[in-house]
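Student: I'm new to this one and would like to go through it slowly. Could you show me the structure before I start asking things?

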Amino acid sequence: MKNSHPHLLVLRFSALGDVAMTLPVVYSAAMLNPEVRFSVVTRPFFARLFINAPENVKVVAVNPADYKGVAGLPRLLKRLRRLRPTAVADLHNVLRTWVIDNYFRMRGVKVVMVDKKRAGRSRALRTGSRQQSFIDRYCDVFRRLGLDCRPMFKSILTSADRSPIDVDGHAIGLAPFARYMNKTYPPEMMREVAEILCRRGAKVYLFGARGEEAEVLSKWAESINGCTSVAGRFTIEEELALMSKMRVICSMDSANQHLASLVGTPVVTLWGSTTPECGFTPYGQREELSMVARLECQPCSVAGKPECPLGHFNCMKGLKAESVAEKLLSI
């Protein structure tokens, strides 16, 4: 990127946790390369994560639903071409971004895609070998474009960003849900974790989505003294500010571990069908905060599955509620 006015187009459309993982890398690269303009293309909801971005970072909110059909893609390409990028960083590497990549390549624009190491995934499932973290893979994309990229990000929040509610100083957050069943700690065991923490004097805040998750967590809060459900009550910006007030958060291998990392909160992550070796560890978190049963059948999936292939789900059931609670209290 030796152009006198370098302008980098950064592509990452989904999903929430994956976009959250790109943010510390984009912010770090932007701070280290102030002469470069960064235009991050993502979905409108995910664009809201880019709080307090460096001055040379602009978010371009694109709803793929607005560009469907034969006429839709050319309109999207025309919109992106008007940005006049000098290089493209494809942090997604899927069919939609391949089309965008090739469009710019044909116009002489350098394109670098993230290496998802798909062959390495099957090897990881067979051997449990450690895969390069996606944080490092995203950094590699910017380095291959000739930019300095070293993780130096701390938090998306500043002292001016306020929590929507006052939080007790001994606050612990629990985010008990994940997209797939075999990445989710059994709900009855997580409820036991909440009960132990509250008996020990902690104030527990339950994080989850609107709808069914919020209904479940509301019932927990009603029956556990010292427990508060904040599921579905706040905007994503407010929820991030609230997460920043937690002393520690317990999460699955889900978006919540990455959201908590964006605000610098320690995260104890419970791993089931996936393990930290799959490459999705949250930014800046210490390795000892990962709780893994280390069974021979782990990992059985890189991204999660609807059920345990062997039917016992001992990878999660082996992480006893008392042990999880003690881990959180030790922090």
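Tutor: Before we begin, a word on terms: helices here are DSSP runs of H or I with at least four residues, numbered from the N terminus. Please also keep in mind that this is a predicted model.

Student: Okay, then which helix does Q257 lie in?

Tutor: Q257 lies in helix α10.

Student: And is Q257 buried or exposed?

Tutor: Q257 counts as buried, because its relative accessibility is 0%, and the cut-off for buried is under 20%.

Student: What is Q257 in contact with, leaving aside its neighbours within four places in sequence?

Tutor: With those neighbours left aside, Q257 is in contact with S251, M252, V267, T269, W271, F280 and P282.

Student: Switching to pockets: how much space lies in the largest pocket, and which residues lie nearest its centre?

Tutor: The largest pocket holds about 1,000 Å³ of space, and of the 36 residues that line it, A15, L16, G17, S254 and A255 lie nearest its centre. Helix α10, where Q257 lies, is one of the helices that supply at least two residues each to this lining, and the others are α1, α5, α6 and α9.

Student: How does that lining divide into nonpolar, polar and charged?

Tutor: The lining of the largest pocket divides into 17 nonpolar, 7 polar and 12 charged residues.

Student: What about the second largest pocket, what is its volume?

Tutor: The second largest pocket has a volume of about 270 Å³. Among the 18 residues that line it, R130, S133, T281, P282 and Q285 are the closest to its centre, and its lining divides into 6 nonpolar, 9 polar and 3 charged residues.

Student: New topic, then: which residues of α8 are buried?

Tutor: In α8, the buried residues are A214, L217, W220 and A221. Seen down the helix axis, they fall within an arc of 120°, so they line one face of α8.

Student: Why would residues spaced like that point the same way?

Tutor: An α-helix has 3.6 residues a turn, so residues three or four places apart point the same way.

Student: What covers that buried side of α8, and what does the face turned away from it carry?

Tutor: The cover over the buried residues of α8 includes α7, β7 and β8, while the face turned away carries the exposed residues E212, E215, K219 and E222.

Conventions
Residues numbered from 1 in each chain as written. Predicted model: local features only at pLDDT ≥ 70, side-chain atom pairs only at ≥ 80, totals over all residues. Heavy atoms only, no water. 1 Å grid on protein atoms, 1.4 Å probe; cavity = no way out; pocket = protein on both sides within 12 Å on 5 of 7 lines; lining within 4 Å. Points joined across faces, edges and corners; volume = space filled by probe spheres on them. Nonpolar A, V, L, I, M, F, W, Y, C, P; charged D, E, K, R; others polar. Buried < 20%, exposed > 50% of the residue type's maximum accessible area, 1.4 Å probe, protein only. Contact = heavy atoms within 4.5 Å. Arc of directions from axis to C-beta.
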